[in-house]
Amino acid sequence: MTSKFWGYLRKDGKVGIRNKLLIISITGLTGPTARKISSLIQGTLFIDNPYGGGVIGEDKVRQDDAIVGFAQNPNIGGILIISADPPMGEFIKTKIKKSLKPVELLTLDECNHDAVKLLELGLRKGANLLKEVSKNRRKEVSVSNLSIGLECGRSDPSSGLIANPIMGIVADRLINEGGTAVIGETIEWLGAEHLLKKRAKNSEVSKKISNAVSFQHNFAKSKGIDLLGNNPGFQNIQSGLSTIEEKSLGNIAKSGSKNIENVIKWGENIKGKGMFLMHAPAYAPESLSGFSSAGCQLTLFSTGVGNSFNNHIAPSIKFSANPKACKMLNEQLDFKCSDVFLGTKSVTSASVDLWTLLIDICSGSLTWGEIFNDSSEVFSRIDRSL
Amino acid sequence: MNKKQFDAIMLNSMDNVCTSVKTLEKNAKINIKFENEMVSLFIRENIKLCHKISLNHIKKGENIIKYGEIIGVAKSHINKGTHVHTHNIISLHA
């Protein structure tokens with residue numbers, strides 16, 4: 001029997017754990033006004049693409065795919081696109097419409113580049129969209145509909161010893177029950193890639209893992225980066241992590257034990273079920289945004305000493321096993337497992353508690369990150385603008 | 001679950017380091033938890049929370065093992081019961 005939660009069934013067959021109106025500014029010029037519109041309409045999610053016409057080539061494809069990925073995320077019930085010019089807006093709107101969600105486009109062009117006019121029309125359009133989005137209701141559905149992103153940030157050795165293994169057990173259970181999970185942060189596979197490769201579904205996936213790690217490692221080397229000080233970073237080292245291998249071995253513990261189905265690109269939509277790897281940057285905002293764009297509805301986010309950042313579209317369940325963090329960060333940590341670190345509770349028992357919390361959050365209980373709105377989505381860049 | 005108090009955790013029988021679960025003072029005999037067993041060790045240095053301690057004498061150039069896997073090599077000789085960190089170990093990818 002699979003576990004169930006209360007989610008929003010979308011017309012495209014996907015299931016959201018939230019029902020948000022997304023206000024997305026897709027050009028840099030419209031960002032400031034679009035932000036005002038979002039702040040004046042309750043409960044909307046705002047995403048700001050600070051770039052625009054100068055983004056070209058592979059970067060342009062990545063940017064457009066991410067905008068569409070964010071909008072098509074099942075947690076989004078409707079979308080207001082705000083663009084400086086009509087062609088870019090229409091292009092994105094046509095793509096998003098495939099999800100069969102209500103979508104509206106507003107351009108600065110049709111307001112004669114009068115930001116006050118844009119604000120007025122944006123408020124009207126946004127308010128009407130929200131009225132429509134709010135009609136959606138939750139239904140009881142299977143956890144097999146879930147895709148979750150697995151993240152760790154501001155880690156210390158308690159992450160790798162306790163919090164990440166707990167996350168790994170939860171990920172295994174989700175996959176046993178028909179769901180999907182993904183880990184990113186490619187540079188943090190370095191030194192542990194032999195363990196990931198053993199779990200690759202086939203030799204092609206195994207090769208993709210090697211290629212991704214080599215690419216990221218060579219990139220660091222080509223820029224003259226000494227990983228010590230960068231990854232592990234200053235805070236990691238201070239709290240006891242000594243090398244990238246040590247950090248990586250702790251990092252991959254959160255991926256559990258299932259076969260690796262495929263390696264996908266940053267933000268690429270996940271096709272299929274099971275455990276996936278995302279070849280992506282390691283720093284939390286960029287890493288988490290890759291999961292939102294890929295379609296994850298939720299993120300599990302372990303930390304050692306504490307990390308206040310969260311995923312914007314896919315709520316983050318923040319947790320730590322570090323006794324100091326558990327004592328001090330009451331309104332940041334949704335789940336505390338320092339009792340496991342100190343030996344009064346087992347990893348298995350804590351994983352059952354985390355699973356129960358996951359079902360509860362997916363059914364509508366709020367995370368601290370949502371309550372404080374400590375979140376955003378960012379765009380990952382490859383190259384420079386024209 | 002072993003409820004006995006412990007000061008550090010060891011993860012794999014191959015490991016030559018353990019990780020502290022509390023702040024530890026030098027010249028103390030500490031208990032290290034490994035699965036359901038307890039091993040004792042005399043520590044010669046103060047150890048901060050979550051930092052690593054050597055379980056044996058480790059020679060310069062020898063691998064440092066945690067999780068049963070290599071996490072780096074010793075840059076210098078490391079005495080048993082001392083702090084293992086960036087001052088005396090280095091990544092193989094550095």
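**Reading the two chains**

Tutor: The radius of gyration is taken over C-alpha atoms, and the globule rule is 2.2 Å times the number of residues to the power 0.38. For the 94 residues of chain B a compact globule would have a radius of gyration near 12 Å, and the 13 Å of chain B agrees with this. The C-alpha trace of chain B spans about 40 × 25 × 20 Å along its principal axes. This is a predicted model, in which local features need pLDDT of at least 70 and side-chain atom pairs count only at pLDDT 80 or more, while totals for chains, interfaces and linings use all residues. Residues are numbered from 1 along each chain as its sequence is written, and chains are lettered from A and ligands numbered from 1 in the order in which they are written.

Student: What pLDDT does chain B average?

Tutor: pLDDT is the predictor's confidence in each residue, from 0 to 100. Where pLDDT is low, the predicted coordinates should not be read in detail. Chain B averages 94, and 96% of its residues score at least 70. The model as a whole has an ipTM of 0.96 and a pTM of 0.96.

Student: How many helices and strands does the secondary structure of chain B comprise?

Tutor: Helices (H or I, at least four residues) and strands (E, at least two) are DSSP runs, numbered from the N terminus. Chain B has zero helices and nine strands. Chain A, by contrast, has 15 helices and 16 strands.

Student: How do the radius of gyration and the span of chain A read?

Tutor: With 386 residues, a compact globule would have a radius of gyration near 21 Å, and chain A agrees at 21 Å. Its C-alpha trace spans about 60 × 50 × 40 Å along the principal axes.

Student: What percentage of the residues counts as buried in chain A, and what percentage in chain B?

Tutor: A residue is buried if 20 or more other C-beta atoms lie within 10 Å of its own, exposed if 12 or fewer, and partly exposed in between, with C-beta atoms placed from the backbone. In chain A, 56% of the 386 residues count as buried; in chain B, 43% of the 94 residues do.

Student: Which residues of helix 1 of chain A are buried?

Tutor: In helix 1 (residues 31-40) of chain A they are A:G31, A:T33, A:A34, A:I37 and A:S38. These residues lie on the same side of helix 1 of chain A because they cover an arc of only 165 degrees around the axis, the arc being that of the directions from the helix axis to the C-beta atoms. Their cover includes strand 3 (20-25), strand 4 (45-48), strand 5 (76-83) and helix 4 (115-133) of chain A.

Student: How many residues of chain B are in contact with chain A?

Tutor: Two residues are in contact if their C-beta atoms, placed from the backbone, lie within 7 Å. By that criterion, 27 residues of chain B are in contact with 25 residues of chain A. Strand 7 (residues 69-74) of chain B supplies the largest share of the chain B side, four residues. That side has 13 nonpolar, eight polar and six charged residues; Ala, Val, Leu, Ile, Met, Phe, Trp, Tyr, Cys and Pro count as nonpolar, Asp, Glu, Lys and Arg as charged, and the others, Gly among them, as polar.

Student: Into which domains is chain A divided?

Tutor: Domain bounds come from an automatic or database domain assignment. Chain A is divided into domain 1 (20-133) and domain 2 (142-376), whose C-alpha centres lie 29 Å apart. Ten residues of domain 1 of chain A are in contact with ten residues of domain 2 of chain A. On the domain 1 side, helix 2 (residues 57-72) of chain A contributes the largest share, five residues.

Student: Is A:R154 buried or exposed, and what of A:N373?

Tutor: A:R154 has a positive phi, near 50 degrees, in a residue other than glycine. A:R154 is buried, with 21 other C-beta atoms within 10 Å. A:N373 also has a positive phi, of about 55 degrees, although it is not a glycine. A:N373 is exposed, with 11 other C-beta atoms within 10 Å.

Student: Where is A:P232 found?

Tutor: A:P232 is in the loop between helix 8 (227-230) and helix 9 (234-238) of chain A. The peptide bond from A:N231 to A:P232 is cis, with omega near 5 degrees.
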